[in-house]
Amino acid sequence: MNLNEKKRDVAREICRKYNVTLGVDALRAFADVLQPVKLLRGRNVVEEGQVCECMYYVEKGLVLQHYKKNGSSVTEHISCEGDIVVCIESFFQVEPSRIVVTMLEPSILYAIPRVPMLELARQSFEICNMIFRIYAHSLIVSQRKADVLRFETAKERYLRTLQETPEIIRRAPLHYVASFLQMTPETLSRVRSQVTDEMQKLAESKDKEEGKKESGAM
């Protein structure tokens, strides 16, 4: 598969993610602006103080958005395959980012540069609609996170993340996950152990019930 074919496949993946249908010409034009970026673990694609000029579609890898507060790193978000990463304030306002974007794993991203993307949006209602859906999704995710942190307990936050984005729990280092969920690593370890014990007991109880049913049927 050559690069142009791969870029069109990625463009289709993005359209499916946001439930958008592009015509042949619009899809080709969108694919043409995509720029593949390969980064090793620990490398940054956006630095503090740098303007975020692109959105990034994660084809492969795990991506951390974080910032410094009182000398410590605070996790803003963790993204994996199929997500779009953007430092939204810097991207919209064209101003230096306070957020750093770092690879937690070797990653393949596809950059969607702001200037050519907006130029396409002026020419194509289909692409304008797709961009609107990407923006709307990003804002909804931010609002949901704020609501979760405001109203849910540590255990509820962990269970929600385990259900909705299990890859983050499975692949990200514990201290980044703890910061993302706004709890200490010690609290996260305690909650995770409690949830694991409860799930194990539930599974054992279910096995016993199934065993009784099988015995009764014989």
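A crossing of two helices is called left-handed if the near helix is turned anticlockwise from the far one by less than a right angle, and right-handed if clockwise. Keep that in mind for the third view below.

This is a predicted model, in which local features need pLDDT of at least 70 and side-chain atom pairs count only at pLDDT 80 or more, while totals for chains, interfaces and linings use all residues. Residues are numbered from 1 along each chain as its sequence is written, and side-chain values use heavy atoms, with hydrogens and water left out.

View 1. Helices (H or I, at least four residues) and strands (E, at least two) are DSSP runs, numbered from the N terminus. The C-alpha trace spans about 70 × 50 × 30 Å along its principal axes. Of the 218 residues, 39% are buried (under 20% relative accessible area, with exposed over 50% and partly exposed in between; 1.4 Å probe, protein chains only).

**View 2. An open antiparallel sheet of four strands, in the order β2-β7-β4-β5.** Two strands pair if DSSP finds at least two bridges between them. Strands β2 and β5 (72-79) stand at the edges with a single partner strand each, so one side of each has no neighbour in the sheet. On average, neighbouring strands here are turned by 35° against each other, direction ignored.
Now look along β7. Two bridges join β7 to β2 (residues 44-46), and here threonine 102 is the bridge partner of asparagine 44. Four bridges join β7 to β4 (residues 63-69); methionine 103 is the bridge partner of valine 63, and valine 101 stands opposite glutamine 65.
In a regular strand the side chains alternate between the two faces of the sheet. In β7 (residues 100-103), Val100 and Thr102 point one way and Val101 and Met103 the other way, and all are buried.

**View 3. Helix α4 (residues 114-123) packed with helix α5 (residues 125-151).** Their axes lie 6 Å apart at an angle of about 125°; axes are lines fitted to C-alpha atoms, for helices over the stretch in contact, and angles run from 0 to 180 degrees between N-to-C directions. The two helices are therefore oblique to each other (angles under 35 degrees count as roughly parallel, over 145 as roughly antiparallel, 65 to 115 as roughly perpendicular and the rest as oblique). Helix α4 passes α5 in a left-handed crossing.
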